[in-house]
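Reader: I am new to protein models. Could you take me through this one by question and answer?

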Amino acid sequence: MSAMFDKIALVGIGLIGGSIALAARRAGLAKKIVAATRRAETAETANRLKLVDHCGTDLAAACEDADLVIVCTPVGACGEAAKAIAPVLKKGCIVSDVGSVKQAVVDAMAPHLPAGVHFVPAHPVAGTENSGPEAAFAELFDGRWTILTPLPESDPKAVDRLEAFWKALGSQVDRLDPAHHDRILAITSHLPHLIAYTIVGTADDLGGHLNAEVLRFAAGGFRDFTRIAASDPTMWRDVFLYNRDAVLEVLARFQEDLFYLQRAIRWGEGDKLFDLFTRTREIRRALIHLNQA
Ligand code: NAP
């Protein structure tokens with residue numbers, strides 16, 4: 001396959017940036033892939049692992065002459081990154097990101113980007129609880145969704161090119177409005193993470209620390225929560241701060257539903273519990289049917 005881009009620049013080279021680099025190389029999508037990151041030690045690790053042709057710490061220098069720039073930093077750092085790279089961006093270059101929150105990233109990045117640059121925000125709905133360049137792997141996006149959230153003014157050709165890029169990385173691609181994306185992800189991803197952080201914190205408080213018994217008798221459910229609750233603190237802090245309204249809205253509904261169950265347990269209303277658990281079991285079966293579980 002001929003390369004889709006002459007030069008790709010990744011701003012931030014952790015789990016997502018590193019995995020994009022590996023998947024892009026696997027598919028031969030670029031003649032050259034470079035990266036820049038905040039800390040010299042992260043750059044050294046990325047260079048040692050040969051994730052990209054070169055990784056430095058000068059964000060702007062990495063983006064010079066790039067045809068595709070993808071900002072792969074935590075959501076709260078995207079605006080500053082856009083500001084730093086804006087002066088060197090080549091006319092016609094596609095600028096994207098991978099943030100788990102979209103509207104706040106659009107608001108933070110768009111004002112800095114010069115005319116003639118095509119901004120197409122994106123979110124690969126793929127990840128693990130590990131972070132940093134050492135966590136990157138080429139197969140991360142295989143068969144997973146990437147959601148593009150183009151703006152009304154986004155150039156359709158640039159959006160199509162970015163869609164083709166993500167498909168070549170192994171993803172399935174769909175498009176959503178940024179605010180709509182944030183509402184969906186609040187329930188499918190952000191709330192589950194918040195619940196996991198809470199449960200593991202509660203268990204820790206009960207035992208004073210995760211003592212031997214809690215770990216030894218941890219059933220599947222609790223173990224799954226500890227995995228999710230091991231996710232990167234900086235990334236998830238930013239997700240909740242920057243998707244505040246949508247998360248607070250689903251959290252309010254969730255709390256109501258939790259109180260409903262609490263009351264059913266208190267009053268021995270087994271039929272209410274049974275009805276809900278039957279309904280949720282059907283949802284799981286429908287998910288498996290959709291090949292998404
Ligand atoms: P990560 O492994 O922690 O990597 C983050 C990268 O951003 C590192 O290279 C880090 O640099 C750099 N960085 C952090 N703060 C910076 C700053 N102020 N200026 C410049 N660079 C900075 O994180 P990740 O998991 O790849 O996540 C990156 C983005 O992908 C986030 O926006 C997240 O919402 C999104 N995302 C994550 C997942 C997931 O499951 N992890 C899934 C989908 C999307 P240093 O190490 O040099 O400080």
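Reader: Where does the model come from, and how are residues numbered?
Author: This is a predicted model, in which local features need pLDDT of at least 70, side-chain atom pairs count only at pLDDT 80 or more, and totals for chains, interfaces and linings use all residues. Side-chain values use heavy atoms, with hydrogens and water left out, and residues are numbered along each chain as its sequence is written, from 1.

Reader: How many helices and strands are there in the protein chain?
Author: Both kinds of element are DSSP runs, numbered from the N terminus: helices are H or I with at least four residues, strands are E with at least two. By that count the protein chain has twelve helices and nine strands.

Reader: Why does the protein chain count as compact as a globular protein of its length?
Author: The test compares a radius of gyration, taken over C-alpha atoms, with the globule rule, 2.2 Å times the number of residues to the power 0.38. For 293 residues that rule gives 19 Å, and the chain is close to it, so it is as compact as a globular protein of that length, with a radius of 21 Å.

Reader: What share of the residues in the protein chain is buried?
Author: Buried means under 20% relative accessible area, exposed means over 50%, and partly exposed is in between, with a 1.4 Å probe and protein chains only. Of the 293 residues, the buried share is 43%.

Reader: What percentage of the contacts with a separation of 6 or more joins residues 24 or more positions apart?
Author: A contact means heavy atoms within 4.5 Å. Among contacts in the protein chain with a separation of 6 or more, the share from residues 24 or more positions apart is 75%.

Reader: How many residues surround the ligand?
Author: A residue is near a molecule if one of its heavy atoms lies within 4 Å of it. The closest are Thr 37, Arg 39, Thr 42, Ser 100 and Gly 132. The shell divides into eleven nonpolar, twelve polar and two charged residues. Here nonpolar is Ala, Val, Leu, Ile, Met, Phe, Trp, Tyr, Cys and Pro, charged is Asp, Glu, Lys and Arg, and polar is the others, Gly among them. The number of residues around the ligand is 25.

Reader: How much of the ligand's accessible area does the protein cover?
Author: Start with its polar contacts, pairs of N or O atoms within 3.5 Å. Areas come from the Shrake-Rupley method with a 1.4 Å probe. Of the 900 Å² that the ligand has on its own, the protein covers 88%.

Reader: Which elements give two or more residues to the shell around the ligand?
Author: One spans residues 15–26 and the other 122–125. They are helix 1 and strand 7.

Reader: Is Asp 238 buried or exposed?
Author: Asp 238 sits in helix 10, residues 233–242. Beyond its neighbours within four places in sequence, Asp 238 touches Pro 74, Val 75, Gly 76, Ala 77 and Asn 243. Its relative accessibility is 5%, so Asp 238 is buried.

Reader: Which residue caps the N-terminal end of helix 10?
Author: Look for a side-chain oxygen 3.3 Å from the backbone nitrogen of Thr 234. That oxygen belongs to Asp 232.

Reader: What is the relative accessibility of Leu 148?
Author: Leu 148 lies in strand 8. Its contacts outside four places in sequence include Pro 121, Val 159, Trp 166 and Leu 176. Leu 148 counts as buried because its relative accessibility is 0%.

Reader: What is the phi of Lys 50?
Author: Most residues other than glycine have a negative phi. Lys 50, in the loop between helix 2 (40–48) and strand 3 (54–56), is exposed at 60% relative accessibility. Its phi is positive, near 55 degrees.

Reader: And what is the phi of Asp 65?
Author: Asp 65 lies in the loop between helix 3 (59–63) and strand 4 (68–71). It is exposed, at 54% relative accessibility. Asp 65 is not a glycine, yet its phi is positive, about 65 degrees.

Technical notes. A polar contact is a pair of N or O atoms within 3.5 Å; within protein, one must be able to donate a hydrogen and the other to accept it, and residues adjacent in sequence count only if both atoms are side-chain atoms.
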